[in-house]
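I opened this notebook to record what I looked up in one structure. The entries follow the order in which I consulted it.

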Amino acid sequence: MMDVSKMSADRLQSVQPSMILGLLQKARSLQSQGYPVIDLGIGEPDFNTPDHIKEAAIAAIVADQTRYTVVPGTPALRTAIVEKLSRENMLSYTAEEVSVSNGAKQVIYNAFMATLSKGDEVIIPAPYWSSYPDMVAIADGTPVTVDCPQSENFLLSPEKLEQTITPYTRWLMLNSPSNPTGGVYSADQLAGLADVLRCHPHVRILSDDIYEHLMFDGHKFASILNVAPDLRDRTLLVNGVSKVFAMTGWRIGYGAGPVDLIKAMNVVQGQSCTHACSISQAASIAALNGPSDFMADRANSFSRRRDIVVSALNAIVGISCLNPEGAFYVYPNCAGLIDRKTPEGRILTDDQTVCNWLLDVHHVSVVPGVAFGLSPHIRISTAASEDTLREACRRISTACLSLESST
Ligand SMILES: Cc1ncc(COP(=O)(O)O)c(C=O)c1O
């Protein structure tokens, strides 16, 4: 029989299949067998795409906007993005400096494919969104992860950044608010990083701002360009409609950056998927130009959910959880559960065994920190109703109370 693993390209040897999607599959399979699984594994808002956006998509179909568009996205959508960046972020771009892709994920992928060669390094503060290192590896680059533990609020310090930059560094990844921690860089913290970056003009900055509207406790979103506009020529802003407008399935993200970089990314896109779906592009214009008052309500509701989960988790012996300032995740440390024994006789050797046990026995699906490069932690998505979150925390608490010491 043919060995399929031998048929894949060398570059796939260092790429991991998504652990999150694997867990999702397992949770769905248990659900289909009738188990009452609570799935807090996936990073997806739990509300529907607003009606006016759906109506714009239907209108685009009726108006036969169903043909190829230009590679970087329709001029109308790129204009809406330019206006959004000016209105919400006080940043000035032209349509030529914007490229629209199938989700923010593909924007990042295009950027790496367009700029990385073998031996090029990308600095990724850990914990990170799990796709970053694998996308770097697919593009033949080398992911260089920097541990940013809970004691440092999961944020990269200027000192650590300085120590990690080499002549081969091509990109620094910044993601604020963060997936998986909900951590947010303040304007001052970004200014500290910018001071270091000014001394290393060969390093580009990729600012992944996809959670910008989910900020709590009165904190204001700042991107590195708000505090260091002089870095504009080497910064790629990445954003999209997935999280803020609950449009994950529509697959629209965008990048804004210097023209030479955007042109190179468009070459990658032109020879891979051509462009993002014409209907989704039309819907995204309605999203960006439409009402934005619901965003504050969403942020308030995610902040209430965070409060419920953080206080319930901190009441559990063996778990400690920071209070995230944004996004819809919490990232508790579970060091106190490691090496304990479950009533079923399992030893919880690491965060992955913790998450498998929580899913198999207590029917709560959460993602182990190993998927995000910093253990022992678990990522819990708060994109579920308050009652569901309370029940999930109750199950986790019951589970932890049942543990014995393993010796
Ligand atoms: C930090 C971060 N960046 C980018 C993305 C990709 O978003 P999309 O491709 O749906 O626009 C995600 C999705 O989970 C994310 O968490």
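**Entry 1**

I began with an open sheet, in which 7 strands stand in the order 2-8-7-6-5-3-4 with mixed pairing. I noted that the model is a predicted one. The edges are strand 2 (98-101) and strand 4 (142-147), each of which pairs on one side only. From one strand to the next, the twist averages 20 degrees.

I recalled that strands of a sheet pair through backbone hydrogen bonds, either parallel or antiparallel.

Helix 5 (residues 131-138) lies across strand 3 (121-126), strand 4, strand 5 (169-175) and strand 6 (204-208). I recorded that helix 5 runs at about 170 degrees to strand 3.

Why is helix 5 described as largely enclosed by the rest of the structure? I found that 7 of its 8 residues are buried, so helix 5 is largely enclosed. I took buried to mean under 20% relative accessible area. The buried residues are Ser131, Tyr132, Pro133, Asp134, Met135, Val136 and Ala137. Their cover includes helix 4 (103-115), strand 3, strand 4, strand 5 and strand 6. Just after helix 5, I noted that Asp140 takes a positive phi of about 75 degrees.

**Entry 1: helix 4 against helix 5**

I next checked how these two helices meet. Their axes come within 9 Å and cross at roughly 35 degrees, and helix 4 passes helix 5 in a right-handed crossing. Helix 4 contributes Lys105, Ile108, Tyr109, Phe112 and Met113 to the contact, while helix 5 contributes Ser131, Tyr132, Met135, Val136 and Ile138. By class, I recorded 8 nonpolar, 1 polar and 1 charged residues in this contact.

**Entry 2: the whole chain**

Finally, I looked up the totals. The chain has 13 helices and 14 strands. Its radius of gyration is 21 Å, close to the 22 Å given by the globule rule for 407 residues, so the chain is as compact as a globular protein of that length. Buried residues make up 54% of the 407 residues.

Conventions. Residues are numbered from 1 along each chain as its sequence is written. This is a predicted model: local features need pLDDT of at least 70, side-chain atom pairs count only at pLDDT 80 or more; totals for chains, interfaces and linings use all residues. Side-chain values use heavy atoms; hydrogens and water are left out. Two strands pair if DSSP finds at least two bridges between them. Helices (H or I, at least four residues) and strands (E, at least two) are DSSP runs, numbered from the N terminus. Axes are lines fitted to C-alpha atoms, for helices over the stretch in contact, and angles run from 0 to 180 degrees between N-to-C directions. Contact means heavy atoms within 4.5 Å. Buried means under 20% relative accessible area, exposed over 50%, partly exposed in between (1.4 Å probe, protein chains only). A crossing is left-handed if the near helix is turned anticlockwise from the far one by less than a right angle, and right-handed if clockwise. Ala, Val, Leu, Ile, Met, Phe, Trp, Tyr, Cys and Pro count as nonpolar, Asp, Glu, Lys and Arg as charged, and the others, Gly among them, as polar. The radius of gyration is taken over C-alpha atoms; the globule rule is 2.2 Å times the number of residues to the power 0.38.
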